[in-house]
Amino acid sequence: MSGVKTLSEFIIERQDDFPFASGELTRLLNDIVIASKIVNREVNKAGLADILGATTQENIQGEIQQKLDVYADDQFIAALRNGGEACGIASEENDDFLAFESLRSREGKYILSFDPLDGSSNIDVNVSIGTIFSIYRRESEVGTLAKEADFLQKGENQVAAGYVIYGSSTMLVYTTGKGVNGFTLDPSIGEFCLSHPNMMIPKNGTIYSMNEGNMSYCSDAIKNYIAYCKEVDTETKRPYSARYIGSMVADFHRNMIKGGIFIYPETTKAVNGKLRLQYECNPMAFIMEQAGGIAHTGTQRIMEIQPTELHQRVPTIMGSSNMVEKLLSYY
Ligand code: P6P
C-alpha cells in the first residue's frame with residue numbers, strides 16, 4: 001500500500017514522542033485498536049444481531065444500559081486485561097474502578113478511564129456513536145494493585161487520549177501531547193490508516209452545538225451567548241448554524257473538522273452539567289487543546305480540575321478558541 005500509513009506504523013515511527021517509550025504505548029494503543037475493531041463490527045450490524053435495545057440494568061448514572069454498551073465495555077476490559085500494559089481501568093459502565101489482579105497486570109504502568117460507547121441512546125436510531133479513552137501513568141507502586149488515586153488524577157496528567165467514532169466511516173483520533181492525528185479504518189484491510197494528520201480546529205467557526213431544550217435552566221451567560229449566535233450580523237457570519245447530534249463524540253468531531261463550539265453547561269437542574277470529567281471531558285479536553293482549541297467549564301480550564309470522584313460531572317464548553325473566548329466573556 002504505497003503512501004498509506006497504518007496506525008501501527010505511525011505509532012512505532014512516533015515512538016520517541018511518548019516519554020515512556022520501550023513500546024508500552026504501542027502495545028497499549030494496539031489493545032484499544034483491537035477492541036475498537038470488534039466493537040465496530042458489532043455496531044455496524046447492530047440492527048441484525050440481538051444487541052439492539054436496552055438491558056434491564058441501570059449504570060451508576062441511573063441510565064438504562066444498552067446491550068451494545070455492555071458488549072463494548074466487555075471488549076475493552078478484556079483487551080486491556082489481556083494486554084498487560086494497564087494495571088486497571090475505570091469505565092462509565094462500572095460503578096467502581098477495576099484493578100486487574102494478574103501478576104503481569106500488576107506490573108502495568110498505566111491506567112485507563114473510558115466511555116466504551118458514548119451516545120449509546122442513539123444506537124437504535126443509527127446515529128454516530130463513539131468510544132472515548134484517557135490514559136494516565138499510574139501513581140501507585142508498580143507491582144501492586146491499582147489504587148483509587150490512580151484514577152483521580154488531573155486531566156493535565158494524561159499521557160494519551162483519544163476517541164473512536166463509529167460513523168459514516170470509523171475513525172480513531174488520538175494525541176500523546178504532540179498534536180492530534182486521525183486514522184480511518186479501511187475495512188478491506190482491517191487497518192486504521194492515517195487520513196487526518198496534524199488536526200487543528202479552526203480558530204473561528206459558525207456552528208454552535210447545545211441542547212437548547214435546557215435553555216430555561218441555563219445561566220444568563222449561556223442565554224446571552226446563544227442569543228449572540230442567533231443575531232444577524234453578516235460581518236461575523238451570524239446567525240450561526242445550530243447542530244446538535246446528542247452524541248458528544250460526533251458533535252466534537254464535526255467541530256474539530258469544521259470549527260464550532262460544543263456546550264453542555266451547568267443548569268439549575270444539574271449544577272455540574274451532565275458530562276463526566278474523567279472519561280468524557282478530560283480526554284476530549286486534551287485533544288481539543290492539542291488541536292489549538294479551548295476546553296473550559298466557564299470558570300476554569302477542564303484539565304486543571306482535581307477530580308474527587310470517579311463519575312463526577314463538570315460543565316463543558318469546548319471548541320474554536322475565538323468562539324469559546326466570546327462565550328467566556330459573558331461569564
Ligand atoms: P442530552 C450521551 O448520552 C451523552 O453523554 C453525550 O454523548 C451527549 O453529548 C450528551 O450525553 C447528550 O445529552 O441531555 O442532550 O441528551
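Helices (H or I, at least four residues) and strands (E, at least two) are DSSP runs, numbered from the N terminus. With that naming in hand, here is a walk through the structure.

This is a predicted model, in which local features need pLDDT of at least 70 and side-chain atom pairs count only at pLDDT 80 or more, while totals for chains, interfaces and linings use all residues. Residues are numbered from 1 along each chain as its sequence is written, and side-chain values use heavy atoms, with hydrogens and water left out.

Domain 1 brings 48 residues to the contact and domain 2 brings 33 residues, where contact means heavy atoms within 4.5 Å.

The size of an interface is often given as the accessible area lost when the parts come together. Here domain 1 and domain 2 bury about 2900 Å² between them, with 61% of it on carbon and sulfur atoms. That buried area is the accessible area (1.4 Å probe) that two parts lose on being put together, summed over both. On the domain 1 side, Ile132, Leu152 and Tyr163 lose the most area to domain 2, together 21% of what that side buries.

Several strands give two or more residues to the side of domain 1 that touches domain 2, among them strand S3 (86-91), strand S5 (110-118) and strand S7 (160-166).

Buried means under 20% relative accessible area, exposed over 50%, and partly exposed in between (1.4 Å probe, protein chains only). Nine of the 11 residues of helix H7 (residues 248-258) are buried, so H7 is largely enclosed by the rest of the structure. The buried residues of H7 include Met248, Phe252, His253 and Arg254. Just after H7, Gly259 takes a positive phi of about 90°.

Thr316 sits in strand S15 (residues 316-319) and is buried, at 0% relative accessible area. The Thr316 side chain reaches the backbone oxygen of Val314 at 3.0 Å. Setting aside neighbours within four places in sequence, the contacts of Thr316 include Met248, Phe262, Cys281 and His296.

A search of the whole structure finds zero disulfides, a disulfide being a pair of cysteine sulfur atoms within 2.5 Å. Cys218 is in no disulfide, and the nearest cysteine sulfur, that of Cys229, is 13 Å away. Cys218 counts as buried at 7% relative accessibility, and Cys87 counts as buried at 0%.

## Around helix H6

Lys223 belongs to helix H6 (residues 220-230). Beyond its neighbours within four places in sequence, Lys223 is in contact with Met215, Ser216 and Cys218. The C-alpha atoms of Lys223 and Glu212, which are 11 residues apart along the chain, are separated by 9.6 Å.

The loop between H6 and strand S12 (241-242) holds Pro239, and Lys237 is in the loop between H6 and S12. A cis peptide bond joins Arg238 and Pro239, with omega about 5°. Most residues other than glycine have a negative phi, and most peptide bonds are trans. Lys237 is not a glycine, yet has a positive phi of about 55°. Asn198, in the loop between strand S10 (191-196) and strand S11 (207-209), also is not a glycine and has a positive phi of about 45°.

| Residue | Relative accessible area | Class |
|---|---|---|
| Lys223 | 31% | partly exposed |
| Asn198 | 54% | exposed |
| Lys237 | 61% | exposed |

Key: Polar contact = N/O pair within 3.5 Å; in protein donor to acceptor, adjacent residues only side chain to side chain.
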